[in-house]
Amino acid sequence: MLVILEDDDRSLSRDAARIVAKTVRSQSHVILGLATGSTPIGMYRELVRLHQEEKLDFSHVVTFNLDEYIGLRPNHPQSYHAYMARHFFDHVNVSRENIHIPDGSIRTSYTDYCAWYEACIRQAGGIDIQVLGIGKEGHIGFNESSSSLSSRTRPKVLAIQTVKDNRRFFEPHEDVPDCAITMGLGTILDARRILLLASGAHKAKAVAAAVEGPVAASVTASVLQFHSHVTVLVDQDAAAELRRISDYRRVMEITRKTNPDRLW
Ligand code: PGA
């Protein structure tokens, strides 16, 4: 894992966008794995700016989102369909037919739908870069603690902490969804490159456990230690509980001189 220490959320967002933009510019067919939540908002804002001011072209980009709540209409303001439209898709030129977000309709069985979502990713050629946030308990996507480390796309019951964390986004009279469809940890590990973003002191414990703790289903982000190309972008607050900060700083400085391509 390459840990990049950022001054603040602003520089983290700019660098995350820079990494995604580099792939978008350098390949004729690009598959992006996208995340929602508060963390990547700044990255989307910067990607939109690059599109509007520097003509970053997304016409050859295919996207797959990590997850969606079960039971929210796509036009509900808190659905991830609405989030993605608001923060990204309404402002860039990704073709509608290239956008994939799990369908959170209530079904009697999710097996065929989830297998179809996985098949779409494979048929598109597999994900080039998967962007991830991290939950306070160390989840990625909605792979809550105790998720199988080799799981595939499936419905998941959300942890009590996740439901509590999400409460703030919903109206007081509304129920917060209890379930979501999420790519699995095995699905995420299939991506060729992973970008994990974390900002804020409330993420410090999860980041330390994911990067420096043992691989464990109790902190599902720790499974990323098995992946060969992970970049972790953390701001100072989210890095506060990391024990090897001086090593990460040294690796960054030397890599910048000897292998800058690995950074971006
Ligand atoms: P957040 O969510 O970016 O809103 O903190 C992260 C996550 O739960 O994956």
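A pocket is an open set of points on a 1 Å grid over the protein atoms alone, with protein on both sides within 12 Å along at least five of seven lines; its lining residues have an atom within 4 Å of a point. The model is predicted, so local features need pLDDT of at least 70 and side-chain atom pairs count only at pLDDT 80 or more, while totals for chains, interfaces and linings use all residues. Residues are numbered from 1 along each chain as its sequence is written, and side-chain values use heavy atoms, with hydrogens and water left out.

The second largest pocket holds about 200 Å³ of space. Volumes are the space filled by probe spheres set on the points, with grid points joined across faces, edges and corners. The lining consists of Asp 9, Arg 10, Ser 13, Arg 14, Gly 42, Arg 45, Glu 46 and Arg 49. Helices (H or I, at least four residues) and strands (E, at least two) are DSSP runs, numbered from the N terminus. By class, this lining has 6 charged, 2 polar and no nonpolar residues. Here Asp, Glu, Lys and Arg count as charged; Ala, Val, Leu, Ile, Met, Phe, Trp, Tyr, Cys and Pro count as nonpolar; the others, Gly among them, count as polar.

The largest pocket has a volume of about 660 Å³. Its lining comprises 35 residues. Thr 36, Gly 37, Ser 38, Asn 166 and Phe 169 lie nearest the centre. Strand E4 (67-69), helix H3 (80-87) and helix H5 (160-167) each contribute at least two lining residues. H3 gives the largest share, 4 residues. The lining divides into 13 nonpolar, 15 polar and 7 charged residues.

The ligand sits in the largest pocket, a term that requires more than half of its atoms to lie within 2 Å of the pocket's grid points. Around the ligand are Gly 37, Ser 38, Thr 39, Gly 133, Ile 134, Gly 135, His 139 and Lys 203, each with a heavy atom within 4 Å. This shell has 6 polar, 1 nonpolar and 1 charged residues.

The protein covers 80% of the 280 Å² of accessible area that the ligand has on its own, by the Shrake-Rupley method with a 1.4 Å probe.

Methods:
1 Å grid on protein atoms, 1.4 Å probe; cavity = no way out; pocket = protein on both sides within 12 Å on 5 of 7 lines; lining within 4 Å.
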